[in-house]
Amino acid sequence: MAHAGLLLLISLTISVGQAFSFYGGSMTFMPGNRYPGGEVEMHFYYRESGKLPCDPQVAWVCDSGDCGILTFSEPEVTEQDHSGQINWCQYERHMTTNVTGDEPFTLSDSGCCWANNVHDVREWTLHSLVDTRQRSDTQTANKSPVSATIPNIRVPQNCFQHLHLLAHDPDGDNVRCKCPFCHQHPNINLDEDSCTLSSNGTLDLGLHVFEFTMEDYPVSNITLTKENGISSVRNPYNQTANIDSTALSQVPLQFGVEILTPVHSCVPGVNRPSLLTPTPLHGDVQHAAVGSVHIITLRAQSSGNSIFDFQVSGPWNMSKSLRNASQGVTEAMLTWTPQESDLHHHVPVCFTAETLQSQSEMRCIVIIVAKSRVLSGEAEVFCEDNSISIAISKASMKGIDQNWLQLRDPTCSLTSNETHILGMVSLDTCGTTVEDSGDFMVFKNEINSFENPNEVITRHNQVKIGFSCQYPKVASVSNHYINKKSDFIFTESRFGTFSYSFDIFTDNNFSSPVDPSLYPLEINLMDVLYMGIAAHSALPEVQLFVESCRATPDDNPYSALSYDIIKEGCILDGTVEVYHSDARTYDFGIQAFKFTGGYNEVYITCSVILCVEGSSNSRCAQGCLREPARKRRRDVSKETDRHHITQGPFRVARHTQHSAAESENGGSLHISAGTAVFSGLFIVSIVVLVGLWVYNSKKTRATDRMYLMSNF
């Protein structure tokens, strides 16, 4: 009896220990077959992480609505701990059900317990909202947002800055992340739009758990239609307007972040591994075909601690092999052959490089599975200092017409000759993105086929041609030490390829640009900056219009601290003097200033438009619009899109006295070298990185000039 009691006590102890094992989970779903009679086959893919043994804790049940009969596959282990320290694992499970496309339904489960964590969160609840009504834009049922995380995220206490989560939507919807219990972490901020966690203070050592809900909203109004023809409208997300913004679906994303003891340095590649090329960048989308082997190469370096593994969250039948290279570099090859059941699935794959003391940043990508390989063609890429060109052989893509191909930014067009389809982009236009891959700055764009959104069928093959240029990082500098931008190149179907240059000149003759090696420019307050904007186009009759120019103390033109020099075509700064110029140039001078509050640098960003000269209904013809009521319908065929170009930074020289002669003449520009000149390729890379940050910033109010002026 005593022996039996002891066994019972041991059994209870083990079961309680295993109950405190939940590390998080994620869910995605997609529609499958639509059968006669209105039944829709739904596929659910669920990943769960916890401590060993890898036994499922979550048993999805129908919470509301008609969920049909859920059929579960056997759980398959996708990853497990190889360090011998924590003994965690992750498994994946596939569920299917057939339901009628009439009403939404929800699946959920709850239980205990989360792994021991700093806020003693015990109960977990997972919830998914599914709507199988037919969308008016895709002519099929809605697909959920796609996300995942690795099973065990670890960050040293002094190195937690940002955690970028995957937020991909197969339908192209806007994804928002909500975290109703993130207030448990007082030093954590959540950007719901980008699904990014950031810290504004020190986090306690130990495990922090996060319970996210991911929601998708259409980018424009759509209808959801039942089998009986009754429809309802879904609107884009709008937090302020009095509009019903109901999510199309909801799926959970739950995970833990282990805050480790501080390390001596957070520089990637030392105490924390640094991911190197050709490792995919976060958010990349790759394409695979059923029955064909798909390979992903991961590469990382760590000089302080050896890399023993790559932690991967992927599909259950993905294999991994490791290889140690020289100089602390470790490589992993992920191999996956999609099955018929994976067809049309958008598969998330997340990974980090692992040492016993820490891990690299987490990156996540998406693999889209098709029936056959996507056409890619034979292409040659040319990497220049400030542009990327691609030439695709027509012979390798029989029947392909550039008229139904587009760059990532659809407003940018392609051209062709007898043998090739041609495209050219500058490093910060046409949807070109830049990523820090560890040892290189990588600039990426892609050519895709597009379809008529109003058509249910297409007779064109799908085309996807990714192209990129990588520039070596030969130095480590602050992004405040920036060289002058080269020309800003754009391509639009109505205007072809055109560009803008934004220069600083030594005097009001506007004939001698300042030597690029002298950037950042060092200037004195009240000196006159002579600035010139010029448009370059092969079209004979075009006109440049400078719609706005705004100054900021950093590289964000919509910074909370900003100053409008020109707005809606109207000059607001009293020291601005516009000099005579032709239709394609805009030359002006402005007295130098600085921002108060300890800011010593100034950036200037202008929005510019190119118009057909003589067009009475273009934005150029409207000129200064001090009153919004004066705005009238514009002929957009006679003008380009609005583009932004940036100059700076300008740095104010301290303790500099002006002579009387200088004051009388308005001051002349005094410039000196503020830093050594770094490698050209690296400088261009960093410059464009700043440019991309500029484009993605949010608008804020301007600040009065008198508040900005400051003397020493």
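This is a predicted model: local features need pLDDT of at least 70, side-chain atom pairs count only at pLDDT 80 or more; totals for chains, interfaces and linings use all residues.
In total, the count of aromatic pairs comes to 15. The protein chain around them has five helices and 45 strands.

**Aromatic pairs**

- F212 and F255 form a stacked pair, with 5.5 Å from centre to centre and 25 degrees between the planes.
- This pair links distant parts of the chain, since F212 sits in strand β15 (residues 206-217) and F255 in strand β18 (residues 249-260), 43 residues apart.
- F212 is buried, with a relative accessible area of 1%, and F255 is buried with a relative accessible area of 1%.
- F510 lies in the loop between β36 (496-505) and β37 (521-523), while Y530 belongs to strand β38 (residues 528-537), so their pair ties together parts 20 residues apart in sequence.
- Both F510 and Y530 are buried.

**A charge over a ring**

- R176 lies over the face of Y237, at 3.9 Å from the ring centre.

- β13 pairs with β14 (residues 196-199) over four bridges, and N189 has S198 in β14 as its bridge partner.

**The chain as a whole**

- Of the 712 residues in the protein chain, 50% are buried.
- The accessible surface of the protein chain is about 32000 Å², and 49% of that belongs to carbon and sulfur atoms.

How values were computed. Residues are numbered from 1 along each chain as its sequence is written. Side-chain values use heavy atoms; hydrogens and water are left out. Two strands pair if DSSP finds at least two bridges between them. Helices (H or I, at least four residues) and strands (E, at least two) are DSSP runs, numbered from the N terminus. Buried means under 20% relative accessible area, exposed over 50%, partly exposed in between (1.4 Å probe, protein chains only). Accessible areas come from the Shrake-Rupley method with a 1.4 Å probe; for residues, only the protein chains shown count as cover. Rings of Phe, Tyr and Trp (its six-membered ring) pair if their centres lie within 6.5 Å; planes under 30 degrees apart count as stacked, over 60 as edge-to-face and the rest as tilted. A charge sits over a ring if NZ of Lys or CZ of Arg is within 6 Å of the ring centre and within 35 degrees of the ring normal.
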